[in-house]
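Visitor: I'm new to this one and would like a close look at a single part. Could you take me through the aromatic rings?

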Amino acid sequence: EIQPFINEEWFPKYDKNKNEEENEWIAEIKKELPEDFYEKRKIGENDGFICSLIQKDSIDDFIIYVNKNLIQLDSTIKPSNYETNNFLFKKNNITLIEYAAFFGSIQIFNYLRLNNVELTPSLWLYAIHSKNADIIHLLEENQIKPKNDSYNKCLTESIKCHHNDIANYIQNQYLLEDSTCNVLVDCLKYYNFHFTEKNLINESSFVYLCEYDYRMLVNIFLKETDADINMKIILVLNI
């Protein structure tokens, strides 16, 4: 989209006096696009060869590839400009086993696990994205708990992904008692109404209805309640 403008007078030029990062950006923009650029961009996934094997859970080809290229099984994947998943896009140094957990690639996940690749707490969130119950149960069997032993973030991530079966499981198995995780807030934030109950919509949740732009519910609430909304908002915000 930017390339058609690189010959315009106003377009930034390479300048030795500019910082290195800005010059690298200009050089990157001027690169000729590969023939498969638009196809890969439409797919929106990491185009690295080993990543494509993991995405497809091609276990035989994966084993051949890592052995032939002497790839360490605890190594990380290379970032890709084609990656569009918000969760992966924000992560650095994603390991092969984390990537396998994200795609639910159970065969490659087990191969890495059985070849002494460490199972870490971070795998919980990757496994939740895949919605692969087998991987989650393997983490449980190996007594791998989420970071800080907190399942609240796991529940939030499940609600965010709209993986309600996983969310139900986490809530029933690990959050039977009163949880610090505000389920209603997560539901409103990520437009997942599976766990939203009528009795949860009250004065205390009013501020979140406003924050996440539920205009109709806000109007209904204002018309039908005599509660002191200002006082409730102050309490929620801890002012």
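How many aromatic pairs does the structure hold?

Guide: Happy to, and keep in mind that this is a predicted model. The structure holds 13 aromatic pairs. Start with Phe 37 and Tyr 38: their ring centres sit 5.1 Å apart and their planes meet at 85 degrees, so this pair is edge-to-face. The two partners differ in how much of them shows. Phe 37 has a relative accessible area of 17%, so it counts as buried, the cut-off being under 20%. Tyr 38, at 53%, is exposed.

Now hop along to Phe 193 and Tyr 214, an edge-to-face pair too, with 6.1 Å from centre to centre and 80 degrees between the planes. Phe 193 is in the loop between helices H12 and H13, while Tyr 214 is in the loop between H13 and H14, so the pair ties together parts that are 21 residues apart in sequence. Phe 193 is partly exposed at 47% relative accessible area, whereas Tyr 214 is buried at 10%.

Rings can also gather in a group: Phe 87, Tyr 99, Phe 102, Phe 103 and Tyr 126 make up one aromatic cluster.

Of its 17 lining residues, Phe 37 is among the closest to the centre, along with Glu 28, Ile 29, Leu 33 and Asn 81. Helices H1 and H2 each give two or more residues to that lining, and H2 has the largest share, with three. By type, the lining has eight nonpolar, three polar and six charged residues.

Conventions:
Residues are numbered from 1 along each chain as its sequence is written. This is a predicted model: local features need pLDDT of at least 70, side-chain atom pairs count only at pLDDT 80 or more; totals for chains, interfaces and linings use all residues. Side-chain values use heavy atoms; hydrogens and water are left out. Rings of Phe, Tyr and Trp (its six-membered ring) pair if their centres lie within 6.5 Å; planes under 30 degrees apart count as stacked, over 60 as edge-to-face and the rest as tilted. Buried means under 20% relative accessible area, exposed over 50%, partly exposed in between (1.4 Å probe, protein chains only). Helices (H or I, at least four residues) and strands (E, at least two) are DSSP runs, numbered from the N terminus. On a 1 Å grid over the protein atoms alone, a cavity is a set of points where a 1.4 Å probe fits but cannot get out, and a pocket is an open set with protein on both sides within 12 Å along at least five of seven lines; lining residues have an atom within 4 Å of a point. Ala, Val, Leu, Ile, Met, Phe, Trp, Tyr, Cys and Pro count as nonpolar, Asp, Glu, Lys and Arg as charged, and the others, Gly among them, as polar.
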